[in-house]
Amino acid sequence: MKKLLVFSGFLIFGLASCFAQQHLLDEAEASKEADNYQLSLDILSQIDTNSLSIPQKARFYYLQSANHKLKNEDSDAYPILLRARKLYTELDSLEKVATINLELFQVVRNIGSEHLNYDEYIDAYLDYHLSQNNPKNLRKAYIRIAANFAKKKTVDSSFIYFRKALQLIKQDKDTLAEADMLNNFGVLYNEFTSNRDSALYYFDLSRKFYKEPKDLQSSYLNTASAYKKLGEYDKAILNYIKADSLLSLVKEYQIADKQFLYDLIAKTYELDEQPAKALEYYKLTQAYQDSLNLQEQEKAIYDIQTKYEVQKKENENLQLKQSRFWLISGVILLVLLLIATYLVYRNRMAKKQLEIKQSALEKNQLEKQLKDQELAGLDAMIEGQEKERQRIANDLHDNLGGLLATLKLHFHNLKTKTDRLRDEQDELFKATNSLLDETYQQVRNYAHQRNAGLKTSEGLVPSIKNFASKVSVGNNLVVQVEDHDMEGRLENSVEITIFRIVQELITNVIKHAQASEIIVHLTSFEDHINIMVEDNGKGFDPSIIKDNDGMGLASIIKRVEHLGGNVDIDSQSGSGTTVILNIPRT
């Protein structure tokens, strides 16, 4: 009982710990999503990883690596990402593994170590998306890889993957995505090459597909940037003004967007040596900046109020969770106490049942000892019969067989000396000679039948088949032997016992059944041997089998049971007999 209570305490502690760890993981993810990466890492540092399940541990490492990555701590993120990938691989979460491979590619490129190769991560990331046979996801993969190369100013590689994405986009006839891709080409040419004309070409081409004001406004801004770098400030200003005219139509329009755009226009006028226009737009920039500052102040006050309300709500939720926790703990403890009471009761009942079983076991052991003694006597009897059988067979073959053979030889000599006798006497000699041959053959056959046994070198099946062939010749009936999966050898004593049982069953059929056909089936299974002996004889009533039947069916049943097997006899008067034996292999 004491141990059970201790176990109950540990169980309650484990459940509470599990809930607490899951809550910390949720808080850490919420902090990461709110861009508070350090707070997220601090929360994760409170978690005991030894108490986490594999899915929780995989999530823990992924969150930890993501926070380090977002803090530009790529060297810290790299080994943690590897741990997360290993765990998600064990969980067979292939999509998550693919995402981590992309992040490993980004991190390894940022680290810039000669000993780390990012190609394997790109290949694994792409292999996954290729295996999914989803063109949209695959083109997203190409775009993300191209964007990563662009951040590191590896323009050639970026172009390669952007073009692969463009091919898939054209196949889908996604005009908006095609316009975005053309715009990306323009940005690459404008930002990372000196080929501004190509940049302008792709910006102009993208606007043929764009429909939304936001997309068009962004394209005009890019075009203005290209003209500005070419020194064609009037064309740059013209495109900035076009972008300004579209900005008011953008649903996500912000004051900061206006302030940023007017600052660009003012600086471009200044480069074009138009100070009056530059001053005009600087004033507009300042006005929007003042408005933006006021808006930010109002937002800051609102954020403080919101944080206060959120903190208040979180405190209320925490108290509610604590109340629920103790309520759940109390319920669990009550359930465990009920279980403990039930287990104590069941333990007492089990002890009582054990005492009854022990008494029955002692009785069975006594019966087994008596049975073993009976079987030992049976074994001794069988061994004696085996020896007697061998002695009789040898005497028949060596003594009586030799005497008959000598008698036949003398008779043959006598016939030779009496060639001049009458025809009637000659016929008598022939008949007597034939009778001697028949007597000699019957003695020989009987000796072989009595001496038929299992030869160690042949094995069980060949010995039974050999015995069957001899019986078939001498008893005017057909004995067939069919075996299935009997290639392997059994223990020698088991093979001898099975052989003698089959021999005795066939002999019983010959003596009593008046059958013309016997079929012996031998089948090997994993754990036992199945033997079935069928005959088409006159049958009998199995209920009349007697325990003192010598070497009859009762003796066979006892020997099979001694081997741990069982015997099933199916017979009716006039319909033949089937004897089925199941004997364990060991």
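**A note on the salt bridges and one buried serine**

1. A salt bridge here is a side-chain nitrogen of Lys or Arg within 4 Å of a carboxyl oxygen of Asp or Glu. By this rule the count comes to 14 salt bridges.

2. Before going on, a word on the basis. This is a predicted model, in which local features need pLDDT of at least 70 and side-chain atom pairs count only at pLDDT 80 or more, while totals for chains, interfaces and linings use all residues. Residues are numbered from 1 along each chain as its sequence is written, and side-chain values use heavy atoms, with hydrogens and water left out.

3. Helices are DSSP runs (H or I, at least four residues), numbered from the N terminus.

4. How do the two partners stand in terms of exposure? Arg59 is buried, at 19% relative accessible area, whereas Glu29 is partly exposed at 29%. For these words, buried means under 20% relative accessible area, exposed over 50%, and partly exposed in between, with a 1.4 Å probe and protein chains only.

5. Another pair to look at is Asp204 with Arg207, a salt bridge whose closest N and O atoms are 2.3 Å apart. Asp204 is partly exposed, with a relative accessible area of 37%, and Arg207 is buried, with 17%.

6. Lys267 and Asp263 also meet through their side chains in a salt bridge, at 3.2 Å from N to O. Both belong to helix H13 (residues 255–271), and because they are four residues apart there, about one helical turn separates them. Lys267 is partly exposed at 38% relative accessible area, while Asp263 is buried at 19%.

7. As background to these pairs, side chains of opposite charge can pair when their charged atoms come close.

8. Finally, do have a look at Ser158, which is placed in helix H8 (residues 155–172). Ser158 is buried, with 0% relative accessibility. Which residues does Ser158 touch, not counting residues up to four places away in sequence? They are Ala146, Phe149, Ala150 and Leu188, where contact means heavy atoms within 4.5 Å.

Technical notes: Helix = DSSP H or I, 4+ residues; strand = E, 2+ residues; numbered from the N terminus.
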